[in-house]
Amino acid sequence: MISVSIFSPHLAAIPRSFVRMSASATQTPGGGVSQGSMAIKPPSHPTYDLKAVVNLALAEDAGHTGDVTCLATIPFDMEVEAYFLAKEDGIVAGIALADMIFEQVDPSLKLCFLQLMADAACPARILETRKTAPGLRLVDKWAVLIGGGRNHRMGLFDMVMIKDNHISAAGGIINAIKSVDEYLKQKNLEMDVEVETRTLEEVKEVLGYVSGSKTRLTRIMLDNMVVPLDNGDIDVTMLKEAVELINGRFETEASGNVTLETVHKIGQSGVTFISSGALTHSVKALDISLKIDTELALEVGRRTKRA
């Protein structure tokens, strides 16, 4: 088992707290278990082979000769305890993935895989998008679940999302919704349907249509209805008005101008969900080191003001 030390650079003078991680829970030094850290299974996908992705990632490093430095310097039968030293605050995610990775390398290895996930603002629930690293979508979306968010559609296959280009090609927002309803009925498909609206007029148009027609529509996206102001604040007046018009008849999703600074105010507007591609395509990697000699590592870190 590997102990993980999580501390912030500006708290370096405080005695370090070591957190022991497992695939099922996070145990604190006092023996308690953090409820929010319980293992979460990866989202399902009909064609995704997570083990193959892990094998590919390992093969990138191993090449045809393996880790020549470790093979040359570390005795084959040596067992050692090491520590992850986090040089900034973050959220530990992906412990179950770690078990999978190191089970494929060596079943005797016990280690933690670390990722960072942005937090969300209540009472709205945060969603990521399809903007993920190629080949790593399931991993990215898994991290979002672990971080307390919700998954949007996995791909183009499991949810209908009528966006601006679809609306233009169909000849209008109502034509697009009608075409989707007819297609799903013809193919005998059951799935959620979301339509993107960009103006209050489009919201009213959608509500007018669905009030007199049977439709599969389940969610209305309110796109770019968050208006940035010159002083750095945002105006959510339009967003709130759209939510009031919908009045709980459909789920609502705010999209556009979502940042860590704006997400709280957007979440207070009454929307059901807030989607942000930044949760997966712009995640900042934590500066984390794996060290056996932690005392020397901390000494060097303090000297360079990184610990």
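## The main nonpolar core

The largest nonpolar core has 37 residues. A nonpolar core here is a set of buried Ala, Val, Leu, Ile, Met, Phe, Trp, Tyr and Cys residues joined through side-chain atoms within 4.5 Å. Buried means under 20% relative accessible area, with a 1.4 Å probe and protein chains only. Ile162, Val195, Ile220, Leu222, Leu239, Ile266 and Val271 touch the most other members. Strand 6 (160-162), helix 6 (173-187), strand 7 (193-197), helix 7, strand 8, helix 8 and helix 9 each supply at least two residues of this core. Helices (H or I, at least four residues) and strands (E, at least two) are DSSP runs, numbered from the N terminus. Apart from this core lies another, of 10 residues, with Val54, Ile101, Phe102 and Leu138 among them.

In soluble globular proteins, nonpolar side chains tend to be buried together. Val195 gives a detailed view of its surroundings. Leaving aside residues up to four places away in sequence, Val195 touches Ile162, Ile167, Ile173, Ile177, Val206, Leu217, Arg219, Ile220 and Met221. Contact means heavy atoms within 4.5 Å.

## Model and numbering

This is a predicted model: local features need pLDDT of at least 70, side-chain atom pairs count only at pLDDT 80 or more, and totals for chains, interfaces and linings use all residues. Residues are numbered from 1 along each chain as its sequence is written, and side-chain values use heavy atoms, with hydrogens and water left out.

## The chain overall

The protein chain has 11 helices and 13 strands. Of its 307 residues, 37% are buried. Among contacts with a separation of 6 or more, 67% are between residues 24 or more positions apart.

The chain exposes about 17,600 Å², and carbon and sulfur atoms supply 54% of that area. Accessible areas come from the Shrake-Rupley method with a 1.4 Å probe.

6 strands form an open sheet in the order 5-12-11-8-7-6, and the pairing is parallel. Two strands pair if DSSP finds at least two bridges between them. Strand 5 (125-127) and strand 6 are the edge strands, each pairing on one side only. Neighbouring strands are turned by 25 degrees against each other on average, direction ignored. Axes are lines fitted to C-alpha atoms, for helices over the stretch in contact, and angles run from 0 to 180 degrees between N-to-C directions.

Strand 8 is joined to strand 11 by 5 bridges. Ile220 stands opposite Thr252 in strand 11. Strand 7 also pairs with strand 8 over 5 bridges, where Glu196 has Met221 as its bridge partner. Strand 11 pairs with strand 12 (residues 273-275) over 3 bridges; there, Ala254 partners Ile274. Strands 8 and 11 are mostly covered: 6 of 7 residues are buried in strand 8, and 4 of 5 in strand 11.

## Helix 8 against the sheet

Helix 8 packs on the sheet, touching strand 8 and strand 11. Its direction makes about 160 degrees with that of strand 8. The buried residues of helix 8 (residues 237-246) are Leu239, Ala242, Val243 and Ile246. They lie on the same side of the helix because they cover an arc of only 100 degrees around the axis. The arc is that of the directions from the helix axis to the C-beta atoms.

Their cover includes helix 7 (200-210), strand 8 (217-223), strand 11 (251-255) and helix 9 (263-267). Just after helix 8, Asn247 takes a positive phi of about 55 degrees.

How values were computed. Buried < 20%, exposed > 50% of the residue type's maximum accessible area, 1.4 Å probe, protein only.
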